[in-house]
Structures are given as structure tokens and as C-alpha cells.
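Here is a short note to read alongside the model.

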Amino acid sequence: MDNDHSTALLEQVNQALDARTPLRIQGGNSKAMLGRPVAGEMLDTRAHRGIVSYDPTELVLSARAGTPLAEIEAALDERGQRLPFEPPHLGDGATLGGAIASGLSGPRRPWAGSARDHVLGTRVITGHGQLLRFGGEVMKNVAGYDLSRLLAGSFGCLGLITEVSLKVLPKPRTCVSLRLEMDAATALCELAEWGQQPLPISAACHDGEALHLRLEGGEGSVRSACKRLGGEPLDSDYWTQLREQRLAFFASGQTLWRLSVPSHTPALQIPGRQLLDWAGAQRWLMSDAPAETIRHSVSAVGGHATCYGTSDAPFQPLPPLLLRYHQRLKKQLDPQGIFNPGRLYAEV
């Protein structure tokens with residue numbers, strides 16, 4: 001069965017251009033809680049699916065945008081490989097296109113890189129009504145590479161991603177998770193020190209009570225690190241629960257915020273409960289405090305805050321100059337503004 005629906009998608013985009021009708025791009029809709037609501041005709045990518053090519057020896061996989069993440073992860077798992085950036089699904093039916101368009105990465109991100117870092121190339125339908133290819137399928141092919149990276153985290157505002165080529169990596173030989181009793185301040189100090197040492201840490205999270213670590217690598221290096229760090233064994237499923245926001249922390253019913261700050265930043269004095277992820281660089285906040293209060297505290301330490309949920313301004317407001325750059329880029333790639341208008345910012 002041929003699941004290449006790029007021609008049908010291109011036709012729908014050109015019809016929208018002719019009618020000047022905005023399009024609301026949607027795959028599995030698992031990231032619907034992120035971004036502003038979009039009014040427009042739905043463009044569903046899920047029929048356009050399937051792994052186009054996969055070369056385990058070259059560590060490269062290419063798949064269509066509507067391919068379920070679960071299908072890609074299963075194919076990689078059979079060959080002892082994985083997506084290095086550990087993308088969150090956040091719901092059933094999450095697709096590759098949505099993972100790249102949202103640009104989200106899991107607990108491994110500080111050590112393995114982000115979703116953007118692993119995009120080698122893309123096929124994209126632009127606001128000029130053309131299906132174009134950017135980048136390539138090997139790291140050496142850098143033609144158009146930056147534009148492919150721009151699409152990661154653009155939430156569909158710059159064009160319709162139809163295919164993605166990704167760098168994949170082998171799974172480590174050994175993986176062990178630990179729980180260490182210490183407060184958050186001590187954990188941040190320890191993590192800063194450990195970050196200067198050759199420890200095989202691939203995830204670090206403090207939930208308000210204890211520090212949780214994941215160690216990955218060769219058997220000898222992991223065993224040595226476990227002996228040095230101590231602590232108690234932790235079920236490795238903890239990291240999946242964290243990635244998918246299924247820990248008890250996320251069930252308080254308050255508004256969820258993602259805070260991105262320098263990892264060495266001390267505990268932020270904001271009303272609510274905090275969970276430290278990414279060794280302190282990403283912090284989850286459950287709070288009903290006003291957005292202005294939260295963003296002021298985070299901006300003061302050089303960070304930014306994103307609201308998960310109903311909000312007219314979910315993403316950190318842009319300075320005027322940076323906003324103009326975003327508007328220019330949108331105008332260049334989507335001159336009629338039909339792709340997910342206003343999903344990121346009302347002005348884009």
C-alpha cells in the first residue's frame with residue numbers, strides 16, 4: 001500500500017493559496033496544549049506515513065511526517081538503535097512531523113542534543129506552493145541544512161513538513177538509574193561538579209525530595225560511576241513517566257509551565273511546586289501565579305517560560321527586534337500567511 005500522499009497535500013496547500021484560506025496543520029494532535037489556537041481548514045498529515053529509508057550502518061532514518069513515533073521507535077529498537085533526543089509523545093498517535101515541528105526533547109537532551117541537532121534534511125511544502133527538499137541524508141551534506149533546523153520548533157508556521165531525515169544512534173550497552181537522597185540546592189551543586197567530570201550521566205531530575213540519575217554507557221564505566229555515586233536503584237520507567245508528564249507531580253490540576261534557565265541557577269522563588277529536569281536547565285512549574293510574575297522571575301535569571309495550556313501568549317514574548325526577524329522569515333517562506341497563523345505569536 002502506497003502511503004505517499006505528498007501530491008494530495010500539495011494540492012490542498014495550493015487550493016488554500018488560491019482561496020487565501022488559512023490551514024491548521026495537525027498530525028496526532030498530541031501537542032494541542034502548546035501554542036495559541038489556530039482558526040483554519042484542517043490539514044491532516046496522518047495518511048502521509050511510512051519509513052522511506054533506514055540504513056542502520058549509516059545511522060540515518062527517513063520517514064514521512066505522519067508516521068507514528070511508536071512505529072519509528074519500534075523499527076529502531078529492532079536494530080538496537082534509538083532517537084537520541086528522546087522525543088515526548090504526550091499522547092497516543094504522536095507523529096514524527098509533530099515531534100519535529102514542536103521541537104520537544106526528553107530527559108537526555110543536555111547530553112545527546114535536541115531534536116533540531118539531529119535533523120539532517122527535510123521535504124517541505126512552502127507557502128509558494130512548492131514541494132522542496134532541504135538538507136540531505138548524511139552529515140556531510142550541509143546544503144540548506146540551516147533551514148531544516150529552522151523548521152524544528154516552528155510549530156508548522158513556516159511550512160508543511162512532509163518528510164524528515166534523522167541521525168539515529170545505537171543504544172548503550174548498559175543503563176542504570178539511581179535515586180540519591182539530597183535537597184535541590186545540594187543536587188544543583190553536585191550536578192555542576194559532576195558535569196566537569198567524565199561520568200556517564202544521561203538524565204538528572206530532582207523532584208523536590210531526591211535526585212534521580214540515569215547512567216548509560218559501557219558496563220565498566222557505569223559500574224564505576226554507580227560505586228562512586230551510591231544511592232538506591234531506581235526503576236528505569238521513571239524517565240518515561242517524566243518524559244510523558246505522567247509523574248504525580250504533573251497531576252496537581254494547576255497550570256503547567258516549562259522554565260528554561262541556566263543550569264546553575266538557584267531555586268526560583270515562584271509560588272507553586274517545581275521539578276528540576278535536564279540537570280537544572282529545564283524546570284517544570286505547577287502554579288496558578290500570574291504569567292507576568294512567573295516570566296519576570298525567569299527573565300531576571302536569563303531564562304524564558306512557556307505555558308502548557310490555554311493562554312493567549314503561551315510562549316515568552318519576543319523583543320521588538322527579534323519579533324521583526326520572525327515576521328520577515330514568515331513572510332519569506334509563507335507570504336500569504338496560510339500555515340498555522342498565530343500558533344506561536346499573534347503577530348506571526
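Helices (H or I, at least four residues) and strands (E, at least two) are DSSP runs, numbered from the N terminus. The model is a predicted one, where local features need pLDDT of at least 70, side-chain atom pairs count only at pLDDT 80 or more, and totals for chains, interfaces and linings use all residues. Residues are numbered from 1 along each chain as its sequence is written, and side-chain values use heavy atoms, with hydrogens and water left out.

1. Please start with alanine 279, in the loop between strand S15 (273-277) and S16. Its phi is positive, about 60 degrees, although the residue is not a glycine. Most residues other than glycine have a negative phi. Alanine 279 counts as buried because its relative accessibility is 16%; buried means under 20% relative accessible area, exposed over 50% and partly exposed in between, with a 1.4 Å probe and protein chains only.

2. Asparagine 340 is another non-glycine residue with a positive phi, near 40 degrees. You will find asparagine 340 in the segment after H10. With a relative accessible area of 2%, asparagine 340 is buried.

3. Of its 25 residues, Ile72, Leu83, Leu96, Ile100, Val164 and Leu166 touch the most other members. At least two residues of this core come from each of strand S4 (60-64), helix H2 (69-78), helix H3 (96-102), strand S6 (119-125), helix H5 (145-151) and strand S8 (160-167). A second, separate core has 24 residues, including Cys157, Leu242, Leu344 and Val348.

4. Which residues does leucine 96 touch? Not counting residues up to four places away in sequence, they are Ala63, Arg64, Ala65, Thr67, Leu69, Ile72, Val164 and Leu166, where contact means heavy atoms within 4.5 Å.

5. Serine 62 lies in strand S4 and is buried, at 0% relative accessibility.

6. The whole structure holds 6 aromatic pairs. Rings of Phe, Tyr and Trp (its six-membered ring) pair if their centres lie within 6.5 Å; planes under 30 degrees apart count as stacked, over 60 as edge-to-face and the rest as tilted. Phenylalanine 250 and tryptophan 284 are edge-to-face, at 5.9 Å centre to centre and 75 degrees between the planes. Phenylalanine 250 is in the loop between helix H8 (237-243) and strand S14 (255-260), and tryptophan 284 is in strand S16 (residues 282-287), 34 residues apart. Both count as buried, phenylalanine 250 at 13% relative accessibility and tryptophan 284 at 6%. Ring pairs link Phe249, Phe250, Trp284 and Tyr308 into a cluster.

7. Serine 260 is found in strand S14 and is buried, with a relative accessible area of 19%. Leaving aside neighbours within four places in sequence, serine 260 is in contact with Ala281, Val298, Gly303 and His304.

Key:
Core = buried A, V, L, I, M, F, W, Y, C linked by side-chain atoms within 4.5 Å.
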